[in-house]
Structure formats: structure tokens, C-alpha cells
Amino acid sequence: MEYTLSLALVDFLPVTFTAIGYYFLCRMISHINPQQGKIASIGATLIVAGGFFKAVWKTFMATTGGETNIVWMDEGLFVWMAPGYILLAWSVWQAVREVRRKKTFHAWFLPVILSVLTLGYAYYLYTTGGSWNLILLIVLVLGSTTTSILLIAFAFRENLKSMGILFIINLICVFILSGLARIPEQTIMLQWIEESINTVSWFCFLIAMKKMYEYTRINFGVDPAQNLQPATA
């Protein structure tokens, strides 16, 4: 696949928007439940790392005419993101449950077990010549979609309609990009279209997430016993 330098550099924009958006998401979850906030931070870091290394790989490929192909930066995208989205989806789910005053579960056990099992099975497929990246892609899509749906539901439940719409735009763009990525001939023009959609998608996510964090910080707080209650400051 051919990359131009300008195309490769633009790829850092959605990565940056994603990182900032996830920063506000992690702040929001930490405000609701500090333990889940730690899980969200690890998950978000893994996801952003995957996108960042992919962008760096594209830059190397563009500047060297395809001669510098650092394979782990390219193929490691799903390896970083799959466990990242497991952790992030789990922490968002638990934070939403706590806001609704429902029972939350053990902070670390299940998401860590699922991450280990996913990576272990992917490694087994890799060593046996199987489609190791397919299992990671499936987990990634499930985790990211679950995260988006939870945020959309939370936004509309709290009557934050504009934020919910922005999250929906983000999710629709992700589905569109998934379809475009299946096109066999990835021309430069098609890649520009994909990068533009991706950039708009994650900018919408950033705006919605920043506003949702501000809303949560004002309206919710956590007492010393970890019971959710309206903020007093």
C-alpha cells in the first residue's frame, strides 16, 4: 500500500483527537469510580499507543519509499487495541452502573482475564498459521462498539442529546471506515477520504467527551465509601 508523507502526517490528527477524548473519558470515570478510572487509563493508553505506532509506521513508509517497514508497528495495531478496548469497555460499563446505583463488580479480575485469554489465543493462532489478527479485530470491534453504545445511552439518559448525537456520528463513521477498509484497491484518494472521515469522527468524540466530563464533574461525586452522590462542589 502506497503512502504519501502528507497522508501519513494527517494520520496523527485522529490519534491526537482520540487521545484527548479518552483523557476526558478517563477523568470522568475516575470522578465516578477511582478504581475503574485506573482501568480506563490503561485501556486508553493501549488504544492510543496502537494508533500512534501505526501513524509512525506510515510516516516511515512514506519517507523511505516503503523500504523501512517496521512490522510490529503495523501488525501490532490490533495487539494493542484489542485488550485496550476490553479494559475501556469494562470500565465504562461499571461507571455507568454506578451512576445508576447498580451493583458493580471486581475492578480488575474479569477484564484482565479476558485480555490474557484473547492475546493467548491470538498467539496460538499466530504460531499455528491461523488468522490471529481476525480474533483481535473481532474483540476490538466488539469492545469499541460496546463503549460507544454505553456512552450514547448514558448521554440520552442524562438528557445530553447533542453529546449523544456526536457519539452516534463517531460510531457511524467507524462503521463506514470499516466498510471502506475492505475495498481491495486502496488508492491515495480513497485513503484521503478515509483519513478525513476518521479525523471528523474523533473530533466529534472529543467535543462530546469533554462536555460529558464537565457535566459529570458538576453533577456527580464519590464519597469516601465509594457511593455515588451529587457533587457538593
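These legends describe close-up views of a predicted model.

**View 1. The largest cavity and its lining.** The model has 1 cavity of 30 Å³ or more. About 50 Å³ of space lies inside the largest cavity. Which residues line the largest cavity? They are Met28, Ile32, Val92, Ala95, Val96, Val99, Leu151 and Phe154. Sorted by type, this lining has 8 nonpolar residues, no polar ones and no charged ones.

**View 2. The helices around the largest cavity.** Three names matter here: α2 (12-32), α5 (77-99) and α7 (132-157) each give two or more residues to the lining of the largest cavity. Which element gives the most to that lining? It is α5, with 4 residues.

**View 3. Helix α2 from end to end.** α2 has 21 residues. From its first C-alpha to its last, α2 reaches 30 Å. That is close to the 30 Å expected at 1.5 Å a residue. Look next for the buried residues of α2. Among them are Pro14, Val15, Phe17, Thr18, Gly21 and Tyr22. Phe24, Leu25, Cys26, Met28, Ile29 and Ile32 are buried residues of α2 too. Two of these names return from View 1: Met28 and Ile32 also line the largest cavity.

View 4. How many disulfides does the structure hold? It holds 0. Cys26 is in no disulfide, and the nearest cysteine sulfur, that of Cys204, is 20 Å away. Cys26 is buried, with a relative accessible area of 8%. Now turn to Cys204. A disulfide needs the two sulfur atoms within 2.5 Å. Cys204 is buried as well, with a relative accessible area of 12%.

View 5. Leu206 sits in helix α9 (residues 188-219). Is Leu206 buried or exposed? Leu206 is buried, because its relative accessible area is 9% and the cut-off for buried is under 20%. Which residues does Leu206 touch, leaving aside its neighbours within four places in sequence? Leu206 is in contact with Phe17, Ile20 and Gly21. Of these, Phe17 and Gly21 are among the buried residues of α2.

**View 6. Leu206 and Ser131.** This view sets two kinds of separation side by side. In sequence, Leu206 and Ser131 are 75 residues apart. In space, they are 33 Å apart, C-alpha to C-alpha.

Note on methods: Residues numbered from 1 in each chain as written. Predicted model: local features only at pLDDT ≥ 70, side-chain atom pairs only at ≥ 80, totals over all residues. Heavy atoms only, no water. 1 Å grid on protein atoms, 1.4 Å probe; cavity = no way out; pocket = protein on both sides within 12 Å on 5 of 7 lines; lining within 4 Å. Points joined across faces, edges and corners; volume = space filled by probe spheres on them. Nonpolar A, V, L, I, M, F, W, Y, C, P; charged D, E, K, R; others polar. Expected span 1.5 Å × (residues − 1). Buried < 20%, exposed > 50% of the residue type's maximum accessible area, 1.4 Å probe, protein only. Contact = heavy atoms within 4.5 Å.
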